[in-house]
Amino acid sequence: MVGQARHPAFTNRDGEAGIGNRSEVRARITRFRSGNCLAPIGPRTSGEADRFMRHIAIIGSGPAGYYTAEAAQKQWGDDVRVDIFDMLPVPYGLIRTGVAPDHQSIKGVSRRYEGTALSDNVRFVGNVTIGQDVTIAELQELYDAVVLATGAPNDKPAGSPGEGQDNVFGSAAFVGWYNGHPQFAKLNPDLSGGTAVVIGNGNVALDVARIMAKTAGEFTGSDIVAHALHALQQSRISRIVILGRRGPHQIAMTPKELGELAHLERACPRVEPADLPPEDDDLFLEPGQRKSVGHLRSFAAIPEEFRADKPVEIDFDFFASPRAILGGGRVSGIAVERTVLAPDGHASGTGQTYTIPCSLIVTCIGYKTSPIPGVPFEESAGRFANDEGRILPGLYCVGWARRGPSGTIGTNRPDGFAIVELIAEDIGNGAGKAGRPGFDALAEARGLDIVTFRDWKKIEAAEEQRARDGAPREKFVDVADMIRALGE
Ligand SMILES: Cc1cc2nc3c(=O)[nH]c(=O)nc-3n(C[C@H](O)[C@H](O)[C@H](O)COP(=O)(O)OP(=O)(O)OC[C@H]3O[C@@H](n4cnc5c(N)ncnc54)[C@H](O)[C@@H]3O)c2cc1C
């Protein structure tokens, strides 16, 4: 591992990339900066143009990657060349494979990224996995700055005994399945049982529950992939339990997403009135949270007769902590312990346990970044070890890879602008590196099958062409099919 050999301060006792020492990061950066910053940018001759070109590699074409590219354009104008790499032949990260298929207006943000992508000084380099096809060290040789915008694509384990059983999935896998991520397209969850349990009290848990609850008709206009739509149409799930360790005041669900549950065709939410704190306590909540809790109060007040023609129930089970996943290889239930909240909001078990029989569990409890060989990693936080985005000289991270899986799409924009400010401080006028031509030579020598933005537009056109009635696209869910579409 290149980084370990060169930067032993970032390895842990086991010799693996571990938590970086922040003062060490700062010292290295300072030495690097003083060795790279040339005089302030001034008038130059045309012969000097190459010398003043900054070459930036961004790894990951999700929101953080594109906002960083946008910021680099604003910072340097014509004096920057940005290559955005992605392991998939298609851009936009979780906008394509995370944001719910029935939330098309949110996915529309990709049009903004397209504006950046189509400019001359930014290019998309798809179908290249950094850390596998090309190493970080190789990129650092070629680019003044390498920015990891790789997100946090792996599910955090729930840590419950029995977790590895069949039909227990993390949300990265389950969401990837209905959104057509090639890695999860073949997940094939079994939806034939009556009860599904969704663990977590955030928006992802709401997405998962809503998608399981909708009728085929309610997916009109969405880009849910055909295999998921078909499976959901055959689904026998009639009860979806959303399990949360804490109470209604501690949810991380936004009002709009929560409010949607009240308007589903065949499903109805249920909240136990006794779980709700006294109404006056809502006054202490910030306005958005107060609105969310208001929705829970209205769910608790839904009359039984209204439920009669709603065969699917979305049941909020608060103060409920998973203790074990039951089953003999395939999930058959979940053992849960009632909790009580301490004044600081911490949940602790009461000793009172019960079992929810179920045949499907989806955990929605957070994500971790994938480590990359040679890059210091903060195992406990599940992200790259960094100081405000600086990892090592010339190596940075941004978005979920920097701060972990929190915030909205828009949160990644200031992140992108902030990292470019740091890069500008560090690299000055650039170091006359090879940049794009250098990478192209490497890619050719290695026989990499690169997908360009123009190629992506062909894949997109093919997906639009094969869309079912009313849908914006039918995604390819297999990388080979995406590549094949280029030849058509
Ligand atoms: C299920 C779900 C639903 C969400 N819904 C919403 C919503 O409705 N509204 C909202 O505001 N936010 C939503 N978010 C949050 C939003 O998606 C994130 O804030 C945002 O996508 C994070 O951006 P990112 O660029 O850091 O990571 P990502 O979007 O994950 O992008 C990372 C990119 O890096 C690529 N990559 C990873 N490793 C490598 C490698 N080694 N080499 C090359 N490429 C690599 C990946 O293929 C991917 O394209 C949702 C998140 C999830 C998980």
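**Notebook: aromatic pairs**

I started at Tyr 92, which is buried in this predicted model, with a relative accessible area of 6%.

I then looked up its partner. Tyr 92 forms an aromatic pair with Tyr 66, and I noted the geometry as tilted. The centres are 5.7 Å apart and the planes are at 50 degrees.

Next I checked where the two residues sit. Tyr 66 is in helix α3 (residues 63-76), while Tyr 92 is in the loop between β2 (80-86) and α4 (94-97). The pair therefore ties together parts that are 26 residues apart in sequence. I also looked up the accessibility of Tyr 66: at 1% relative accessibility, Tyr 66 is buried.

Tyr 66 and Tyr 92 belong to one aromatic cluster with Tyr 67, Tyr 113 and Trp 456.

I turned to a second pair, Phe 174 and Tyr 178. The ring centres are 5.9 Å apart with the planes at 85 degrees, so I logged the pair as edge-to-face. Phe 174 and Tyr 178 are both in helix α8 (residues 171-179), 4 residues apart, which means a separation of about one helical turn. For burial, I noted a relative accessible area of 1% for Phe 174, which is buried. Tyr 178 is at 0% relative accessibility and also counts as buried.

For the total, I recorded 14 aromatic pairs.

Last, I looked up a charge over a ring. Lys 214 lies over the face of Phe 219, at 6.0 Å from the ring centre.

Note on methods. Residues numbered from 1 in each chain as written. Predicted model: local features only at pLDDT ≥ 70, side-chain atom pairs only at ≥ 80, totals over all residues. Heavy atoms only, no water. Phe/Tyr/Trp six-rings, centres within 6.5 Å; stacked < 30°, edge-to-face > 60°. Helix = DSSP H or I, 4+ residues; strand = E, 2+ residues; numbered from the N terminus. Buried < 20%, exposed > 50% of the residue type's maximum accessible area, 1.4 Å probe, protein only. Lys NZ or Arg CZ within 6 Å of the ring centre and 35° of its normal.
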